[in-house]
Amino acid sequence: EVPKKKPESFDANFMEDTALILKSKVREDGYLNPTIVITAYPVGQKKGVRYFWNETEPLPRPQKAREVRFKIRKGVLFHFEKLEFSGLAAIKEKKALGYFIETSGLVPLKQNRVYSPERLKRGVANLEQVLNRMGYEDAKVTVGQIQQDDKTGRVSVRIDVVEGPKYLVRTVRQEAYYPDTNAPADLRTNVVGKTYSKWWEQDYAQSLRTNYYHLGFPDTTVTLQTEHREPTGTNLVLDMLAVIKTGPRVRAGDVTFKGEKRTKESMLANRVSIKTGDWL
């Protein structure tokens, strides 16, 4: 990235930063050992100076170049030759493969099975998140073994999966605390029967907040906590408690409209459901 106004010259820092960005992009595309040749044309000279860029060896300083050229020799394309899973039972292996490589192609081309450390890391994280969403809150996905051939680019990886128990929410006991009261109100127990995950917990808490928003409590907060755990086979059944703190109840003050020029205020008022004095 350069300023909008083209600089008079490029220094060594600019060349090194650019080479580093280029190498990072090429590595992401599966070429893990690229060679980058920098040709710099110093100010006031016609002949260029060539450097074989190396991260560990800084370019000569000071340096001012009127033109810089980067030549990239990508080298070998690294690709998944073999990808297997150990301990995975919750989802089919073909679906799990989709988080690491493209599985839609009829012919298994190298370009569809590109390997890079970043892609492998993302695939591991995505698979673990999918298991978490399915209720396996304690699931851990790690790279168990990796074999890499630098000459051919073939990479064999074993992914180890420890799923743990599946979390299920049986009931949620609900306690609501209104302002200036220490005793809970609106006591009720909801039978849920849903798969537990952090995303389910967020959605459930939001649904409770929304109910109290409609009653005029805009500052409502909800905290969910586990009261009881009960192992049942390979599952773990949870009974949870939802603590609701409503905050003060608020009425709407004057509802006014500003800035309208071509629309009647009565039409705007019909579109806004809240009126002066309504619970906010």
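Trainee: In what order do the four strands of the open sheet lie?

Mentor: A strand is a DSSP run of E with at least two residues, a helix a run of H or I with at least four, and both are numbered from the N terminus. Two strands pair if DSSP finds at least two bridges between them. Here the order is 8-7-10-9, with mixed pairing. Strand 8 (185-195) and strand 9 (221-232) are the edges, each pairing on one side only. This is a predicted model, where local features need pLDDT of at least 70, side-chain atom pairs count only at pLDDT 80 or more, and totals for chains, interfaces and linings use all residues. Residues are numbered from 1 along each chain as its sequence is written, and side-chain values use heavy atoms, leaving out hydrogens and water.

Trainee: How many bridges join strand 9 and strand 10?

Mentor: Eleven, in the antiparallel sense, with strand 10 covering residues 235-245. Thr-232 has Asn-235 of strand 10 as its bridge partner.

Trainee: Which strands does helix 4 lie across?

Mentor: Contact means heavy atoms within 4.5 Å. Angles run from 0 to 180 degrees between N-to-C directions, with axes fitted to C-alpha atoms, for helices over the stretch in contact. Helix 4 (residues 198-214) lies across strand 7 (166-177), strand 8, strand 9 and strand 10, at about 135° to strand 9.

Trainee: What is the order of the three strands in the other open sheet?

Mentor: The order is 4-6-5, again mixed. Strand 5 and strand 6 (residues 154-162) run antiparallel, joined by eight bridges. Ile-146 is partnered by Val-157 in strand 6.
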